[in-house]
Amino acid sequence: MKRDVSVEFARIIACLMVIGIHISLNICHDGYFDASRLGFACIVADAVGVFWLILGFFLFLNTSYKKLIRKTIVNIGVPTLLFSIFAFYFGEWIAEGVPLNESILHSFQEYVDVLKELLKWNSPVKYGGHLWYIYVYMLIILIYPVLKATVDYLDEKVERQKIFMLMTMGAFLLNDISRNQLFQFSHHSINALVLASVIVIWGNIIYKRKEDLVTKRNLLLSVLAFIGFNMMRTIFQLYFYHIEAGDNILFWYSSIGVLCAACVVIFAFCVENVIVKIKHLGDIINFLASHTFNIYLLHFMIIYVLRRISFQDKLYNWMPNEILYMCILVIMVFTVSFLASVGLRMFGNICRKLINKGVHFL
């Protein structure tokens, strides 16, 4: 299937946002809550929501559940497993400078702990906390037949889609009002699966309306709405911090998070015409986007490596302000992760060719 460059552009934006989440400076420092740091955190907060929407764009085009499972295992499960094994045995050596033998050798209890975390459907390895998204992704694929039946039902009438979106948004708002006590959404297993599934269905509905959404008016509105929502979120969150009311609106599983994610994909839809008019830009975006999954896997460890060599400290001291520092760091981590992904892909292609030659020779 031909790549939709607007979707690939949204994928790159979401990837940059994920990195932004993980390099953000602490909002609370020196005894107060920093509004500028909080503003940056709000802007990058909804990367996962964008990814769930993108999943919904194409997920329900699949006709074979068996093929979908196989494709997920090969393209998502195997790379995640290989990364987890590598991080478990070599992570401390690469990211923290621990002697190689200490990094490789693990006690019996550590293996037991890995098993316990897997039974909870959590990522069991250090430098793999961000992999919760992959674990929830796999649960979504597991319940695909249920989601597919829901989508087919909603697709029969536009009114059903509208009612679904209004009712679910109402539920998100009630959950926000209850400070996430109503549904207790989180980044873990079932608590993440329910909302993620709803956003995936939102993605299916939104993508079906892509042509209607691509207007100059929506280009402007998506930008203004995104900025407005995050200004409002920053103000509310500062107030919530002061009254110790939690920070659930700062996450993708809030009503404002879903709306901001929708703004990002609509903006990407609207700039597609600009992208295709610039020679080779679409090809560059598609190439970069083809590496976003690997970048997602690798970036967390890359951040640790850069921290180990004091890169962040040097960059921070050199930058004139913190927002610029975080923006530059996001680009640097993305670039290093991208280059690592390119290297790994080249290495994989070489190994594949050598194996094929060996099989042919035999």
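1. Glu322 and Arg37 form a salt bridge in which the closest N and O atoms are 2.6 Å apart. Because Glu322 belongs to helix α18 and Arg37 to helix α2 (residues 35–44), this pair ties together parts that are 285 residues apart in sequence. Helices (H or I, at least four residues) and strands (E, at least two) are DSSP runs, numbered from the N terminus.

2. The model is predicted, so that local features need pLDDT of at least 70 and side-chain atom pairs count only at pLDDT 80 or more, while totals for chains, interfaces and linings use all residues. Residues are numbered from 1 along each chain as its sequence is written, and side-chain values use heavy atoms, with hydrogens and water left out.

3. How many salt bridges does the count come to? The count comes to 13, a salt bridge being a side-chain nitrogen of Lys or Arg within 4 Å of a carboxyl oxygen of Asp or Glu. One of the pairs joins the side chains of Asp4 and Lys210, at 2.7 Å from N to O. Since Asp4 lies in the segment before α1 (5–23) and Lys210 in helix α11 (residues 210–213), the pair ties together parts that are 206 residues apart in sequence. Asp4 and Lys210 are both buried.

4. Two further cases deserve a look. Glu117 forms a salt bridge with Lys120, with the closest N and O atoms 3.6 Å apart; here Glu117 is partly exposed at 24% relative accessibility, and Lys120 is partly exposed as well, with a relative accessible area of 47%. Arg3, Glu8 and Arg11, for their part, are linked in a network of salt bridges.

5. Helix α12 (residues 216–242) has 27 residues and reaches 40 Å from its first C-alpha to its last, close to the 39 Å expected at 1.5 Å a residue, where the expected span is 1.5 Å times one less than the number of residues. Its buried residues include Asn218, Ser222, Phe226, Asn230 and Arg233. An α-helix has 3.6 residues a turn, so residues three or four places apart point the same way. The buried residues of α12 pack against strand β2 (32–33) and against helices α2, α11 and α13 (255–270).

6. Ser341 is placed in helix α18 (residues 322–361) and, at 0% relative accessibility, counts as buried. Leaving aside residues up to four places away in sequence, Ser341 touches His291, Asn294 and Leu298, contact being defined as heavy atoms within 4.5 Å.

7. Most residues other than glycine have a negative phi. Trp121, although not a glycine, has a positive phi of about 60°; Trp121 sits in the loop between α6 (108–119) and α7 (132–142) and is partly exposed, with a relative accessible area of 31%. Asn180 is likewise not a glycine and has a positive phi of about 70°; Asn180 is found in the loop between α9 (158–177) and α10 (189–208), where Asn180 is buried, with a relative accessible area of 10%.

Terms used:
Buried means under 20% relative accessible area, exposed over 50%, partly exposed in between (1.4 Å probe, protein chains only).
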